Amino acid sequence: MRGLPPAARPDRVWAVVFCAVLAASACTAPAFADSGTPWPAVALLALLCLGCELVRICPLPGKRVPEGIGSFFPVLLAAVFLLPPAAAALVALPGGFAQAVVRRPARVRRVWHAAQQALAAWAAGRTFGLLGGGPSPGSPPAPFAELPHFPYALLPALAAAAAFCLVLTALDAVVLAAAERRPLRAARRGALTLSPVPYCVHGLAGLMMAVLWRSPYGLPAALLVLLPMYISCWVFAQYHRERAAHQATIRALVQAVEVKDRYTRGHGERVGQASAMIARELGMDGERLEVVRIAGILHDVGKLGVPTRLLRKDGPLTPEERRIIELHPEYGHEMVRGIGFLGEARSAILHHHERVDGSGYPYGLTGEQIPVPARVVAVADAFDAMTSTRSYSRARPVPVALAELERCAGAHFDPVMVRALVEAIGRDGWHPVVTADEDELQVIPAGSAPGAAAAPAAAAPDPGGPALSGLPAQGARTRVRTVDPPKGPEPDGGGRT
């Protein structure tokens with residue numbers, strides 16, 4: 001649950017919180033008026049909800065509770081299935097008020113959480129009852145009333161869990177709209193980060209608790225459901241923690257490269273962005289697309305093994321120095337070979353300077369011999385090198401860079417990858433990642449054809465030569481170096497990328 005945002009309009013937020021408290025009070029009031037309310041069950045379930053929140057806030061000495069274990073909704077949804085709606089709303093109050101908050105005013109936020117969860121529990125209970133899942137009038141007080149037999153209880157339980165999620169989402173949208181003065185439609189889109197799937201899983205666990213509670217095994221068996229749920233939350237939290245560690249590892253490697261070669265600051269991020277656009281256009285999704293994006297980000301990690309004096313050299317590169325720089329794909333592959341989560345990204349790091357005609361390095365692979373991620377990154381790398389301002393050349397316009405890629409498709413680059421990038425940029429435009437050290441990054445709107453814009457005089461390609469000849473554009477305030485004339489567009493002026 002996103003919870004209460006920082007209030008840009010405190011008066012509106014206070015009004016929303018006040019209305020939520022009034023609504024929650026109206027929902028819980030019937031429980032006090034009904035003589036059949038099972039108060040022992042209400043008290044026990046409320047204590048369980050409170051305990052699940054306190055476990056995260058007050059862990060045992062020396063123990064760290066995994067993130068994601070808070071807001072333990074299976075217990076609250078079990079109350080929805082066991083109790084009348086008003087009593088279930090009462091169960092939500094202690095746990096909601098105890099929910100951890102990180103921003104002030106903490107007390108207001110806790111009141112909001114309690115009211116929000118009470119309203120969601122009441123709505124879920126009403127949904128469960130309307131679909132035939134709740135106790136009928138005149139039945140014994142819960143938790144002794146009979147639930148529908150399996151599988152007839154599944155539909156009411158899943159519907160109740162979905163209603164619980166929808167109410168939380170709607171209330172989040174209302175408070176966002178009030179706090180940030182955004183239209184309710186926009187706030188609703190921003191609040192739709194609550195997927196109903198986890199809530200449906202929690203609903204099934206809550207239904208299991210309710211069934212076991214009403215079975216001959218009673219409460220002890222129902223409490224056993226919390227153990228696998230705790231383990232699943234712990235595993236989920238570990239997954240997110242591991243993913244965060246992976247992202248931190250990637251950021252550290254990229255920062256190390258950028259510190260060493262300041263002239264390509266932000267280059268890796270932009271190559272990753274362009275690689276993801278190509279991969280998405282080719283129909284890749286999920287883990288495969290993420291691998292290609294990471295490969296683009298880390299493709300130059302091998303520059304950490306290249307002497308800094310060569311990367312920052314002002315004058316011409318000797319053939320020996322160029323051979324040393326061309327070793328950076330192999331250096332990079334050796335550096336990341338032991339990082340298992342990179343998967344296919346390792347092959348892209350090693351082969352992103354191969355050419356489909358066999359003239360690339362380090363192994364001179366041709367055509368289909370080059371791994372698919374490497375062919376994607378090769379196109380993205382060349383594109384960013386042409387559209388970024390460097391120490392020895394100014395940025396080319398995006399249409400000029402795309403035209404140069406199309407000219408070299410089939411010789412240096414895979415035509416399929418080039419066509420995918422052209423179509424993706426033509427439809428979505430190119431909005432590169434901008435860093436503090438970059439200037440004049442080219443931005444092209446969606447729908448512009450590769451030849452739609454002409455290059456300005458200061459950024460015109462060298463007449464009669466390739467777009468990445470390594471020569472500065474006319475009038476550019478750059479340092480000039482000379483290299484052997486390349487056979488085609490070489491990223492970053494002949495091998496420094």
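Predicted model: local features only at pLDDT ≥ 70, side-chain atom pairs only at ≥ 80, totals over all residues.
Residues are numbered from 1 along each chain as its sequence is written, and side-chain values use heavy atoms, with hydrogens and water left out.

**Exercise 1.** Work out why the pair of Phe81 and Phe128 counts as tilted.

- Start with the total: the structure holds 4 aromatic pairs.
- Rings of Phe, Tyr and Trp (its six-membered ring) pair if their centres lie within 6.5 Å; planes under 30 degrees apart are stacked, over 60 edge-to-face, and the rest tilted.
- Phe81 and Phe128 have ring centres 4.7 Å apart and planes at 50 degrees, so tilted it is.
- Next, burial: Phe81 has a relative accessible area of 0% and is buried (under 20%; exposed is over 50%, partly exposed in between, with a 1.4 Å probe and protein chains only).
- Phe128 is buried too, at 1%.

**Exercise 2.** Classify the pair of Phe383 and Trp430 by its ring planes.

- The centres sit 5.1 Å apart and the planes meet at 80 degrees, so call this pair edge-to-face.
- Check burial: Phe383 comes out buried at 0%, and Trp430 is buried at 1%.

**Exercise 3.** Find out how many disulfides the structure has, and look at Cys165.

- A disulfide here is a pair of cysteine sulfur atoms within 2.5 Å.
- Searching the whole structure turns up 0 disulfides.
- For Cys165, the closest cysteine sulfur is in Cys200, 7.8 Å away, too far for a bond.
- Cys165 is buried, at 2% relative accessibility.
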